[in-house]
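Hi everyone, thanks for coming along.

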Amino acid sequence: MQILLIAKDYNLNSKIILGILFVALAYIILYYAFKMIEMGYVLKVKKPLYNHFYFRLKRLNHEQIAVLEHQFLFYKKLNSKEKKYFEHRVASFIEDKKFIGRDGLLITEDIRVLISATAVMLTFGFRDFYIGLISTIIVYPRAFYSNTNKDFHKGEFNPKFETLVFSWEDFVNGYTVGNDNINLGIHEFTHAIHINSIKERDVSSTIFSDSFKELSELLASNEILRNKLLASDYFRKYAFTNQFEFLAVIIENFIETPQVFRAQFPNVYDKVKQMLNFRVAGY
């Protein structure tokens, strides 16, 4: 009798283990099948199958929401559902990054929220919005001396140390005038997103890097467009320093003056919009 009970228990345990293995195998097969289908879709239409999917939305406190409502124009352009997604992402970004103040600067809610909101704005069309190459954000009260090239900087991104550095004075100045196409936060975060997209191969990084490659090929093959860009006063001359500065500058213009950008350089505008998967009213 005891032997029969042991045999029954053994058979039951075997079935449970086999069931678990079958479910795990089915999950793996479905997961990779979905990845392959989505990547094919991404390569064809240059956008993800979905962007926002959360089991539970994180929430900001009243003080943090007030910062967005009174100091971040992009947030005001969003509908009610988009605002909830935006708030979730800002809260998640704040939790994920380490903020450090230097030269006596105290890290306040304004600093955490506005810097995080800038990152979330630029990656609002991404599924993975964390920008994995950034782990630490250092904020100085004003322009700081950088050992990188022995000069004073307003901002810099150091991928080796996964660190983004800002002059808070200059970061705020970037939002004081909202249509001059000069925004330190947007500029430096774009550098981080650009380098991160080169290193990562998630859906959003693939769209970003492939779209920038398409833009580069467009400019290389279209001499008329290239000369028009060079002759235009719309993009500041710093854009033509190298490909990294070019991308950072045109995204500053894209965010701050989208209507002017679209009117003057529609082909370039469309590639930037595709790159960021930007589907927000006004863009």
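Let me start with a definition: buried means under 20% relative accessible area, exposed means over 50%, and partly exposed is in between, with a 1.4 Å probe and protein chains only. This is a predicted model, so local features need pLDDT of at least 70, side-chain atom pairs count only at pLDDT 80 or more, and totals for chains, interfaces and linings use all residues. Residues are numbered from 1 along each chain as its sequence is written, and side-chain values use heavy atoms, leaving out hydrogens and water.

First stop, Y50. By that definition Y50 is partly exposed, because its relative accessible area is 34%. You'll find Y50 in the loop between α1 (2-45) and α2 (62-71); helices here are DSSP runs of H or I, at least four residues, and strands are runs of E, at least two, numbered from the N terminus.

Now to the helices. Eleven of the 14 residues of α5 are buried, so α5 is largely enclosed by the rest of the structure. Among those buried residues are I111, V113 and L114. Helix α7, residues 184-199, is also largely enclosed, because 14 of its 16 residues are buried.

And what about α6, residues 168-176? There, W168, D170, F171 and G174 are buried. These buried residues pack against α5, β2 (136-140), β6 (163-167), α7 and α10 (243-256), where contact means heavy atoms within 4.5 Å.

That's my tour, and I'm happy to take questions.
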